[in-house]
Amino acid sequence: MPLGAVPITAGPGTPLVNIDGATLRAVPGRRWQVVLYINNNSAKTLVPMIDCRFTNGSKTVEETRALVPALGAGVRAGLLIYGPKTDLFVDRAQCRIVSP
């Protein structure tokens, strides 16, 4: 879901796409969720893929991949990624851009 705009700054020191403000939360009786913002820092429309690893200590509980719908140049969007059911304990979620 587009939320706003970001400066087009992609280059040698700035990635094409970056994740900002990822927050882990549990929906009781449902699933763990990561709410995050994704910024397209480039002048092109991109279709990013995100990988999120839900862990308990250092052990992986579940790994999830999400393909973000086409993200226009300079767009900031919000994204919700679902993880395992809440009957499995998760203490951390690490998300990263897989592509581009």
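## Core, strands and cross-links

Let's start inside: the largest nonpolar core has 17 residues, and among these Leu36, Ile38, Ile50, Phe54, Leu79 and Ile81 touch the most other members. A nonpolar core here is a set of buried Ala, Val, Leu, Ile, Met, Phe, Trp, Tyr and Cys residues joined through side-chain atoms within 4.5 Å. Buried means under 20% relative accessible area, exposed means over 50%, and partly exposed is in between (1.4 Å probe, protein chains only). As background, nonpolar side chains tend to be buried together in soluble globular proteins.

A word on what you're looking at: this is a predicted model, in which local features need pLDDT of at least 70 and side-chain atom pairs count only at pLDDT 80 or more, while totals for chains, interfaces and linings use all residues. Residues are numbered from 1 along each chain as its sequence is written, and side-chain values use heavy atoms, with hydrogens and water left out.

**The overall picture**

Along the principal axes, the C-alpha atoms fill a box of roughly 40 × 25 × 20 Å. Of the 100 residues, 30% count as buried. The accessible surface comes to about 5,900 Å², and 55% of that belongs to carbon and sulfur atoms; these areas come from the Shrake-Rupley method with a 1.4 Å probe, and for residues only the protein chains shown count as cover. Take the contacts (heavy atoms within 4.5 Å) between residues at least 6 apart in sequence: 67% of them join residues at least 24 apart.

Leaving aside residues up to four places away in sequence, Ile38 touches Val17, Asn18, Pro48, Ile50, Val68, Leu71, Val75, Arg76, Ala77 and Ile97.

**Around β6**

Which strands pair with β6? Strand β1 (residues 2-5) runs antiparallel to β6 and is joined to it by three bridges, and β3 pairs with β6 in the antiparallel sense over eight bridges. Two strands count as paired if DSSP finds at least two bridges between them. Arg76 in β6 is the bridge partner of Gly4 and also of Asn39.

Arg76 uses its side chain too, in a salt bridge with Asp20. That pair links distant parts of the chain, with Asp20 in strand β2 (residues 17-26) and Arg76 in strand β6, 56 residues apart. Asp20 counts as partly exposed because its relative accessibility is 34%, and Arg76 counts as partly exposed at 22%.

**Salt bridges**

The structure holds three salt bridges, each a side-chain nitrogen of Lys or Arg within 4 Å of a carboxyl oxygen of Asp or Glu.

| Pair | N to O distance |
|---|---|
| Asp20 and Arg76 | 3.0 Å |
| Asp51 and Arg65 | 3.5 Å |
| Arg96 and Asp51 | 4.0 Å |

Asp51, Arg65 and Arg96 are linked in a network of salt bridges. Asp51 lies in strand β4 and Arg65 in strand β5 (residues 59-67), so this pair ties together parts 14 residues apart in sequence. Arg96, in strand β7 (residues 92-99), is 45 residues from Asp51 in strand β4. Asp51 counts as buried because its relative accessibility is 5%, whereas Arg96 counts as partly exposed at 46%.

**The disulfide**

Where does the disulfide sit? A search of the whole structure finds one, formed by Cys52 and Cys95, with their sulfur atoms 2.1 Å apart. This pair links distant parts of the chain: Cys52 is in strand β4 and Cys95 in strand β7, 43 residues apart. The cut-off used is a pair of cysteine sulfur atoms within 2.5 Å. The link of Cys52 and Cys95 is right-handed, with 110° about the S-S bond. Cys52 counts as buried because its relative accessibility is 0%, while Cys95 is partly exposed, with a relative accessible area of 22%.

Note on methods: Helix = DSSP H or I, 4+ residues; strand = E, 2+ residues; numbered from the N terminus.
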